[in-house]
Amino acid sequence: MIRAALLITMLAASGYSCAQAINFSVKGLEAPAEILVDEWGVPHIYANTHYDAFFVQGFNAARDRLWQIDLWRKRGLGELSSILGSNYIKQDEATRLFLYRGDMYREWLAYGSDAKPIAEAFTTGINAYVALTEQNPDLLPPEFELLGYRPAKWQASDVVRIRSHGLLRNVPMEVRRARIVCKQGLETAAKWRQLEPNWTTKIPEGFDPCVVPADVLDLYHMAKAPVQFPGQSIAYDTTLTDDEKGYGSNNWAVAPERTNTGRPILADDPHRGHVVPSLRYIAHLVAPGLNVIGAGEPALPGISIGHNGKIAFGLTIFPMDHEDLYVYKRRGNQYLYEGRWENVRTLEETIPVKGSAAASVQLSFTRHGPIIHQTKDSIFAVRAAWLEPGMAPYFGSVEYMRAENWREFEAALNRWGAPSENQVYADSNGNIGYKPAGLFPRRPNWDGLMPVPGDGRYEWDGFFDMDVLPSEFNPKRGFTGTANSMNLPSDYPIAKYPIGFEWNDGWRYQRLWQVLSEQDAHTLDDSSDLQRDFVSLLAREAIERIPKDDQQPAAQMLREFDADMTANSSEAALYAVWFFRHLRPSLEKVLSPDSPELVTSLDTRSVLALMEDHPKVVSASLEQAWAKTKKLLGENPENWRWGDLHQIRFQHPLLNLASGELKEQMKYPAYGKGGTVNTTNNTGFTADSFDVRGGASYRQVIDVGNWDTARMTNAPGQSGDPRSPFYANLLEGWANEEDFPLIYSRELVEKHTVLKIGLQPIP
């Protein structure tokens, strides 16, 4: 007999020849609804009321990703100890420090007039599925049995109170910069990270950089850390810098006069750490006043990247400075502010612990925010814009995804909080546009690049209006786009509006701008190709700086390299070993001989500058790289392949707890990949392991107005259930740089439906 859990996801045995069907009766639904799952695992939700669409979205998220979203909730609320035991108390404590604890009235209104009913409908849908699992435990994915617990019910406030997955900004950079300045001064710090637009920072008055201890951010990093399970061999290190991890994104929109379709083309591929299941989930919501498709995060209602049949939209991170680290003089449980000693505010909370007594923890705050570290004489606290009302990451998309034109889209983004984003736009009337959005703190007397005293001299003076951010609508060049790098206009008054100075190095941005500028009849295939482009402009620049008189084999081989970092390239393998394992570390030792660990992930533009000044170091690093590559890949350079070193290895976090058939179902094959973090096809890695750690798991390209021709990928698959045929269904195509249809019309959806789920309301 087929278990009910499998019936929900099973397909017809012979090539999807007919659709399977199943029906449920659920509480909380206003009218009958249905989910049509296509052969690529995308659920097309058809509801008869507006808010029922979000109810069914929550129900379906639980159907396909219940363990993922339940773990997301427990990690975000600081409840891991209740299911995993006492080893997670400290992580729960750290996470609770960064929960939103403000006024919920202001919180809900910040996103839009109906944000609360949307969240209520979504979480009611999740709870409806959880209730079904209580009646029939066979509906639970296997992870719950492996860990010995059951999913919890949700509250609407859970969706917005959880903020810790929004910790994306520059407090770690502030700390690193301060420690470099302490050891070696401002000049070394300026070479470590080149500031854009051109800017010279200074030590804030009253701040001693040497007071910042090496472990000051341990609690901060723990608050945003993923869940690490016993025996898990792949863990994503959140203490790494964004360029090491592969965080980033690309997006662009091309105007009708520059496309072969006579319609706009919009593309987006957000880059994050590769995880199992995928961070993104594709869905299609259809209801009165709503017909939107694309990707969002499975634990959130709405669609943040996609189209609604009238407009298309796609995002990348806009590196606005959202955070500051405050340093206070300490006296016991007090800190000095404006010449007076203020008491630290504390909250006592009880954390349930599986297998032992509940733990009591004390959470401490200053007037500026959570205290993350204390020494005998100092207190350190984080002020973060993402703890303000309206800053739940990505939840604001419930407003802009329903816009029907540029005016409405722009107005919706004026509510946007976090993370700060570059949004590109295109509509079926032929318009394209670009608008950044985010809550922009006003720092009247400092630039935000180093920690500051918390004694009252450095206070935010509210926030800037949205109209101080640059935007464009139907630019004359005929395209627009972003890639996390510095894209402010050359005449932008940065001293008046110091948005931030720490951007991506810009190689991806330069490459996409280069390609789009050369194409006056841009096609969907061109957009797909650009998303999968492996040409490294950084590699070209670095190779040009190899000393002309250097004739060793490594130098000669790289001079013949076309800088296309394909998986089959032998030159790409040598280049990666050279640049990331030998050249950059060697130059970091040159820049900071006594403390090279402080300048790790040296700015690539600084690498190029230092190469000019230290040719002997360059040649020595080439010799080392040649020997190392031989050791890694064999004596014959003709047999070297970058993809043999650089592979994607998706791994279920509980693989080592499973056995038998389930363990086999959980496994994914490895694939060799091309690229680096500096190619538009971003395949981020760390120097100690070339395995791909981050990049674009989700991609979309859209011929705006011809909606059924849209394409997508989502790795490794749509479902989080290892028993589902959609668990790894998109991985091979993604690994081989292919894409899949993102169908939209009801006619095509029905043609490709392999599973029908009917939902009936219980009065």
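1. A quick definition to start: the helices and strands named here are DSSP runs, helices of at least four residues and strands of at least two, numbered from the N terminus. Keep in mind that this is a predicted model.

2. With that numbering, A563 sits in the loop between α18 (553-559) and α19 (570-591). Its phi is near 70°, a positive value in a residue other than glycine. Most residues other than glycine have a negative phi, and most peptide bonds are trans.

3. One runs from E196 to P197, with omega near -15°, and P197 belongs to the loop between α10 (186-192) and α11 (218-223). Another joins A715 and P716, with omega about 0°; P716 is in the loop between β27 (711-714) and α24 (731-735).

4. Now a helix pair. Helix α17 (residues 537-544) packs with helix α20 (residues 604-613) at an angle of about 15°, their axes being 9 Å apart. Angles under 35 degrees count as roughly parallel, so α17 and α20 are roughly parallel to each other. Their crossing is left-handed. In the contact, L538, E541 and A542 of α17 meet T604, L608 and M611 of α20, a set that divides into 4 nonpolar, 1 polar and 1 charged.

5. Finally, the second largest pocket has a volume of about 350 Å³. Its lining has 16 residues, with R345, H368, G369, L387 and E388 nearest the centre. Strand β16 (residues 378-384) gives the most to this lining, with 3 residues. By type, the lining residues split into 8 nonpolar, 3 polar and 5 charged.

Conventions
Residues numbered from 1 in each chain as written. Predicted model: local features only at pLDDT ≥ 70, side-chain atom pairs only at ≥ 80, totals over all residues. Heavy atoms only, no water. Axes fitted to C-alpha atoms, helices over the stretch in contact; angles between N-to-C directions. Parallel < 35°, antiparallel > 145°, perpendicular 65-115°, else oblique. Left-handed = near helix turned anticlockwise from the far one by under 90°. Contact = heavy atoms within 4.5 Å. Nonpolar A, V, L, I, M, F, W, Y, C, P; charged D, E, K, R; others polar. 1 Å grid on protein atoms, 1.4 Å probe; cavity = no way out; pocket = protein on both sides within 12 Å on 5 of 7 lines; lining within 4 Å. Points joined across faces, edges and corners; volume = space filled by probe spheres on them.
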